[in-house]
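Q: Let us read this model feature by feature. Please show me the sequence and structure.

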Amino acid sequence: MKRYFENLAKALLGQSYSSLAEKEQKVINSIAEHTTVSENVNNAFSDSLTTGQKIADVVARFGGSWWFISLFFLFIIAWIGVNSYLLIDTPFDPYPYILLNLGLSSLAAFQAPIIMMSQNRQAAKDRIKQDATYEINLKLELQIMRLHTKLDQLSTTPDNTDNPNPEIKEG
C-alpha cells in the first residue's frame, strides 16, 4: 500500500510521498482510500474551546451589538437623570459624574481585551477553514487530473477507436 501512495504522489504532485507536507499526505491518503477530506470546522473548533473562551465570545458578541449600545445609552441617561434631577439635594455622583467615568473606564479596560481574545480566536478559526478549503481544492484538482489521464488513455486505446461506447460490445 505504501508503494501505491508513493506512485500516486509522484504521478499527481511530482514529489515523493515522504517529502509532501502533512496536508498533501492527507489528501493523497483520502484519494487512495476513497474517503473525504472535508469536515465541519465549526464543530471541531467550538469543541476545543474552554469555558472561559466561550464566555469571552458571548461577552464580545453582546458588547458589540446594538442591544448593548442601546442598553448602555439608557443606563447613562438614567444615571445622569437620577444624579442631576431626582437626587438634586444629595446626589451620590454629582456633576461631572466622576463615578460614572470610573465605571465607563473600567468597562472599557475589561471589554477591550475580551473582544481582542475573541477576534484572535476568530482569526485562528479562519486559518483552519482556509486549510480545510485548501485540502478540498487540492483533492478536487488531483481527482480531475486523474480523470483527464484516464480519459486520455481511453481515447488513445486502439480498441476504443472503432466503438465510441466501449461499454456496449459489438457483436
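Q: Which side chains meet in a salt bridge with K23?
A: A salt bridge is a side-chain nitrogen of Lys or Arg within 4 Å of a carboxyl oxygen of Asp or Glu. K23 pairs with D131, at 3.1 Å from N to O. K23 sits in helix α2 (residues 22-33) and D131 in helix α6, so the bridge ties parts 108 residues apart in sequence. By this rule the count is 3 salt bridges. Helices are DSSP runs of H or I, at least four residues, numbered from the N terminus.

Q: What should I know about the model itself?
A: This is a predicted model: local features need pLDDT of at least 70, side-chain atom pairs count only at pLDDT 80 or more, and totals for chains, interfaces and linings use all residues. Residues are numbered from 1 along each chain as its sequence is written, and side-chain values use heavy atoms, without hydrogens and water.

Q: At what angle do α4 and α6 pack?
A: Two packed helices are described by the angle between their axes and the distance between the axes. Axes are lines fitted to C-alpha atoms over the stretch in contact, and angles run from 0 to 180 degrees between N-to-C directions. Helix α4 (residues 51-63) and α6 pack at about 110°, with axes 8 Å apart. That makes α4 roughly perpendicular to α6 (65 to 115 degrees).

Q: Which residues meet there?
A: Contact means heavy atoms within 4.5 Å. From α4, the residues include A56, V59 and A60; from α6, they include I114, I115 and M117. The contact divides into 6 nonpolar, 4 polar and 2 charged residues.

Q: How do I read the backbone?
A: Most residues other than glycine have a negative phi, and most peptide bonds are trans. H34 has a positive phi of about 55° and is not a glycine. H34 is in the loop between α2 and α3 (41-47). The peptide bond from Y95 to P96 is cis, with omega near 20°. P96 lies in the loop between α5 (66-86) and α6.

Terms used
Helix = DSSP H or I, 4+ residues; strand = E, 2+ residues; numbered from the N terminus. Parallel < 35°, antiparallel > 145°, perpendicular 65-115°, else oblique. Nonpolar A, V, L, I, M, F, W, Y, C, P; charged D, E, K, R; others polar.
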